[in-house]
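Student: I am new to this structure. Can we go through it in short questions and answers?

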Amino acid sequence: MVEMKYVPTICPYCGTGCGLNLVVVDEKVVGVEPWKRHPVNEGKLCPKGMFAHEFIHREDRLTKPLIKEENGEFREAEWDEALDLVASKLGEIKANNPDDIGFLACARSPNENIYITQKFARKVIGTHNVDHCARICHGPTVAGLARTFGSGAMTNDFISIESADVIFIIGSNNMEAHPLFGRRVIRAKKNGAKIIVADPRYTPTAKLADMYIEFRSGRDVPLLNAMMKIIIDNDLQDDEFIKNRTKNYQRLKETVAKYDLDYVAELAETDPEKIKEAALMYAKAENAAIVYSLGITEHRHGADNVMANANLAMLTGNIGKIGSGVNPLRGQNNVQGACDMGALPTDYPGYQKVVNEDAQRVVEQNWTCTLDGCAPGLTVVEMMHAAADGNIKAMYITGEDPVLSDPDTNHVIEAMENLDFLVVQDIFMSETARYADVVFPAAGWGEQEGTFTNGERRVQRVRKAVEAPGEAKYDWEIMKEIAVRMGAEPEQFTYNNAQEIFDEMRMITPQYRGMTYERLEKPEALHWPCPDEEHPGQGLMHVDKFAHPDGLGVFEPADYIGPSELPDNDYPLVLTTTRTLFHYHASMTRRCKTLDNELPTGYVEINDKDAKKLGILNRETVKVKSRRGEIEIPARVTPDIMEGEVNIPMHFFECAANYLTTGRELDPKSKMAELKVCAVSVEKME
């Protein structure tokens with residue numbers, strides 16, 4: 001007799017956090033069905049969500065621990081041997097200097113796994129060298145919104161956007177990267193909202209807009225400052241909001257006064273009349289919302305870009321009300337949760353700073369231990385530099401693939417090869433895992449319990465549908481085994497299930513304290529902040545006051561810095577990078593047969609005028625070079641990208657954009673690398 005069941009859970013891809021049902025037949029996931037009751041997506045799914053399950057039972061899943069021999073080949077090992085080896089090697093390196101070890105947590109993994117990763121790093125090893133991929137996507141959001149609003153997260157819930165009168169979208173192609181949020185933008189448009197899109201590419205999102213502003217990559221701050229100058233010059237600022245809810249306005253006013261419209265239009269290579277019209281449209285709206293994503297953050301001035309958006313919202317009083325706010329769209333399914341859980345070198349769970357002795361005492365009391373030092377650790381990009389220089393000796397990477405996703409791939413490979421010891425915990429043999437000394441097989445999505453936190457701060461249950469393949473274990477279970485082998489008190493790592501971890505985690509995470517698995521059982525779940533068990537959760541933030549101690553928002557004026565690398569005679573084009581509708585990260589969607597059939601490899605978008613000058617035809621293979629590397633890739637000739645710019649999706653390792661990008665100059669406020677602008681050449685192949 002066939003046994004069939006539906007298991008409700010949350011999509012493992014972007015930060016929208018759509019609900020779906022896994023269809024399980026005889027202990028195998030065979031499909032996905034809509035979860036119509038779910039409030040985020042109401043039964044609708046994008047292509048990634050519809051075929052999300054196809055990677056679960058792939059034949060190339062990791063099923064046993066692997067140890068690399070001296071000849072460079074992997075052999076299968078028993079768990080005890082692999083765990084003992086890792087505990088011994090980490091123990092040796094820790095004895096010399098705990099800060100010689102770095103950890104990367106997995107933003108695709110449940111909160112419970114991430115919490116244990118940072119706890120292991122801090123309590124067992126004694127280092128704050130723990131980070132995750134938000135550093136190279138939304139690290140500037142955390143830094144920029146924390147400085148302006150006091151909290152580094154989306155200010156409104158998703159449904160709020162449907163009540164906006166004007167939606168200003170900059171650096172976000174949500175119709176491809178976050179389609180179910182894009183559906184709400186379409187609803188807002190049907191409700192009468194005016195849509196403004198600023199982007200170097202005429203994206204599917206831009207094609208929905210009432211006004212499209214084409215502008216050069218990396219000129220976000222001048223564009224936003226010019227808009228604010230126009231608003232102030234026309235006396236359209238919200239004086240009451242500024243007076244009662246903010247501080248530092250005079251400095252902002254003095255800064256933006258320098259951004260003359262004609263100067264900015266020339267710098268950004270855009271239409272000055274469109275900047276003016278957009279500013280007036282935004283300022284005059286009763287409710288105006290800002291939406292942004294990685295096009296804003298992935299710059300060496302990413303935090304400045306974020307703060308400029310926050311300044312624009314505060315200037316017009318568009319904070320703390322429905323249909324307004326600053327709405328960053330998170331890239332990965334649990335990148336918000338990974339930040340919340342303290343997978344940051346500067347923060348314990350709940351954004352409690354490691355430099356704050358009171359925060360350290362709270363954590364020590366909870367973990368019944370003494371933590372050494374309050375100095376922040378290294379970020380992921382800094383760890384790569386340190387590893388390449390011989391200053392990081394070992395890394396423990398859980399579910400991340402920096403060889404594919406981090407800037408300057410050749411430099412990352414150099415760093416991986418220079419480590420004395422590398423542990424990778426994953427569901428597939430990733431590009432990074434190939435450089436490991438030990439590879440642990442992990443349980444993946446659909447095979448474990450836990451919680452994800454989506455971009456609107458909604459903490460949702462993910463549920464186990466089937467058993468993990470072979471001998472694969474939960475991430476937290478693997479780290480628990482190593483912790484005990486390294487001498488950690490067994491009672492501090494004795495968890496029987498994910499719920500026990502969540503119950504510990506919420507006690508030191510103020511935003512989650514009122515949440516329980518029972519309260520998260522309903523599809524609506526709960527938004528943070530949720531400070532106690534009577535609290536209903538809070539979708540709309542900063543209603544009466546901001547999250548700073550004095551309750552005031554802070555204008556943080558920013559001046560134009562510009563990209564770290566500009567075109568020249570050798571490299572005359574600007575490269576930017578994107579995600580696509582059909583792919584997420586290579587290890588998952590490229591192993592989904594349906595999605596891979598839709599888009600089996602990458603391409604370089606090039607303006608038709610540039611292509612004509614270079615003699616390049618649509619679909620012919622070309623060579624793209626930067627100062628760091630080169631790739632061969634098919635050309636996609638189109639008028640939908642600005643002349644002088646090219647674009648490459650980041651998913652495809654055989655023609656990976658990150659062989660070209662630069663990670664040398666970092667944003668001083670967030671340590672973000674410059675992923676959205678670098679100088680390249682495109683050459684016709686012989």
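Student: How many of the five residues of strand S9 are buried?
Tutor: This is a predicted model. Strand S9 spans residues 194–198 and is mostly covered. Buried means under 20% relative accessible area. The number of its five residues that are buried is four.

Student: Which residue in S9 stands opposite isoleucine 167?
Tutor: S8 and S9 pair in the parallel sense, over five bridges. Across from isoleucine 167, S9 places isoleucine 195.

Student: Which residue in S10 stands opposite valine 197?
Tutor: Strand S10 covers residues 211–213 and runs parallel to S9. Three bridges join the two strands. Opposite valine 197 stands tyrosine 212.

Student: Which residue in S20 does threonine 451 stand opposite?
Tutor: S19 and strand S20 (residues 458–462) run antiparallel and are joined by four bridges. The residue in S20 opposite threonine 451 is arginine 461.

Student: Is the pair of phenylalanine 158 and phenylalanine 181 stacked or edge-to-face?
Tutor: The structure holds 19 aromatic pairs. In this one the ring centres are 5.6 Å apart and the planes are at 70 degrees. Planes over 60 degrees apart count as edge-to-face. So the pair of phenylalanine 158 and phenylalanine 181 is edge-to-face.

Student: How many residues apart are phenylalanine 158 and phenylalanine 181?
Tutor: Both residues are buried. Phenylalanine 158 is in the loop between helix H4 (139–148) and strand S8 (166–170), while phenylalanine 181 is in helix H6 (residues 179–190). The pair links distant parts of the chain, and its separation is 23 residues.

Student: Is tyrosine 474 buried or partly exposed?
Tutor: Tyrosine 474 forms a stacked pair with tryptophan 476, 5.7 Å centre to centre and with 20 degrees between the planes. Tryptophan 476 is buried, at a relative accessible area of 6%. Tyrosine 474 has 23% relative accessibility, so it counts as partly exposed.

Student: Which ring does the charged end of arginine 636 sit over?
Tutor: The charged end of lysine 119 sits over the ring of phenylalanine 493, 4.9 Å from its centre. For arginine 636, the charged end is 3.6 Å from the centre of the ring below, that of tyrosine 603.

Student: Which element gives the largest share of the lining of the largest pocket?
Tutor: The largest pocket holds about 810 Å³ of space. It is lined by 36 residues, and among the closest to its centre are Ala146 and Tyr351. By class, the lining has 16 nonpolar, 11 polar and nine charged residues. The largest share, five residues, comes from H4.

Student: How much space lies in the largest cavity?
Tutor: There are eight cavities of 30 Å³ or more. The largest cavity is lined by 34 residues, with Leu294 and Lys676 among those nearest its centre. The lining divides into 10 nonpolar, 18 polar and six charged residues. The space in this cavity is about 550 Å³.

Student: What is the volume of the second largest cavity?
Tutor: Its lining has 24 residues, and one of the closest to its centre is Trp445. Trp445 also forms one aromatic cluster with Phe55 and Phe428. The volume of the second largest cavity is about 240 Å³.

How values were computed. Residues numbered from 1 in each chain as written. Predicted model: local features only at pLDDT ≥ 70, side-chain atom pairs only at ≥ 80, totals over all residues. Heavy atoms only, no water. Phe/Tyr/Trp six-rings, centres within 6.5 Å; stacked < 30°, edge-to-face > 60°. Buried < 20%, exposed > 50% of the residue type's maximum accessible area, 1.4 Å probe, protein only. Lys NZ or Arg CZ within 6 Å of the ring centre and 35° of its normal. 1 Å grid on protein atoms, 1.4 Å probe; cavity = no way out; pocket = protein on both sides within 12 Å on 5 of 7 lines; lining within 4 Å. Points joined across faces, edges and corners; volume = space filled by probe spheres on them. Nonpolar A, V, L, I, M, F, W, Y, C, P; charged D, E, K, R; others polar. Pairing = 2+ DSSP bridges.
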